[in-house]
Amino acid sequence: MAKIGFIKLGNLGMSQVIDLVQDEIAAREGITVRVFGTGPKMGKDEAAATEELKKFDADFYVMISPNSSAPGPTAARELYKDVPCIVISDGPTKKDDRAALEEAGFGYIIMTVDPLIGAKTEFLDPVEMASFNSDAMKVLSTCGVVRLIQEELDKVTAMADEGKELELPHILAKPEKCIERAGFNNPYAKAKGLAALHMADMVAKINFPACFMMKELEQVALTTAAGHEMMRAAAQMAIEAREIEKANDSVFRQAHSKKGNLMTKTRLYEKPQ
């Protein structure tokens with residue numbers, strides 16, 4: 001039995017499904033999961049509260065948050081530096097910072113394509129927040145990010161289940177790396193998927209100054225709206241990519257069996273093998 005603990009500090013697009021991707025129909029045997037979430041906040045007080053999950057005594061932990069270099073996630077890592085832990089975040093992206101994580105014993109998957117939301121009261125309300133996250137999830141799911149994380153966590157879970165020493169991933173998940181996990185068969189679908197990932201990557205670059213630098217109402221509102229429009233366009237591109245695969249009856253599916261083995265199929269009326 002592999003035990004996995006998930007720590008959610010704040011929210012990324014991937015946070016919505018991070019604890020579900022290894023057991024998508026809730027039928028997998030030999031795996032048990034617990035989740036500790038702090039909602040939208042990710043400060044030092046929330047970080048301290050996550051220590052409660054260590055009582056679960058998991059084989060390994062997955063800590064997901066925006067900006068893992070921020071004070072809250074940094075403080076949380078101090079609590080988990082003595083156990084196997086994989087950091088999933090949208091940063092840091094610099095090589096030296098990632099090397100520091102590895103040297104401290106942490107695994108990591110850094111997703112540059114998990115976009116920064118336009119978190120300003122001049123623009124964002126609960127409906128806009130939910131809409132943005134649904135658009136982000138469309139890109140992350142269709143264009144390879146979900147499968148990349150699912151496959152990497154599956155590898156570590158298998159090691160834990162077999163009692164082996166854990167080898168944690170160290171991956172900078174840029175668009176080019178993510179698209180190779182998407183399983184597109186049609187090159188035009190793959191191109192659309194890659195375009196969607198690059199657009200999602202660019203959303204953060206648009207929203208960052210609006211969130212942390214701009215002050216004037218019109219400038220903030222216009223810029224955050226532009227970032228969200230780009231995210232919406234990226235989601236539509238991802239939808240178009242999958243529609244091409246559906247039209248060719250070539251959607252790649254990779255389901256878990258009850259024993260946790262991966263079964264694949266591409267034809268709709270084909271049995272997973």
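Into which domains is the protein divided? I found domain 1 (2-111 + 145-177) and domain 2 (117-143 + 183-257). The bounds come from an automatic or database domain assignment.

Ground rules first. This is a predicted model, where local features need pLDDT of at least 70, side-chain atom pairs count only at pLDDT 80 or more, and totals for chains, interfaces and linings use all residues. Residues are numbered from 1 along each chain as its sequence is written, and side-chain values use heavy atoms, with hydrogens and water left out.

I looked up the spacing. The centres of domain 1 and domain 2, taken over C-alpha atoms, are 22 Å apart.

Next, the contacts (heavy atoms within 4.5 Å). I noted 19 residues of domain 1 touching 16 residues of domain 2.

Then the buried area, meaning the accessible area (1.4 Å probe) that two parts lose on being put together, summed over both. For domain 1 and domain 2 I read about 1,400 Å², with 53% from carbon and sulfur atoms. V145, R147 and P175 give 40% of what domain 1 buries against domain 2, more than any other three residues.

I checked for salt bridges (a side-chain nitrogen of Lys or Arg within 4 Å of a carboxyl oxygen of Asp or Glu). The count between the two domains is 0.

Which helices each supply at least two residues of the side of domain 1 that touches domain 2? They are α5 (145-161) and α6 (175-179); I take helices as DSSP runs (H or I, at least four residues), numbered from the N terminus. The largest share, 6 residues, comes from α5.
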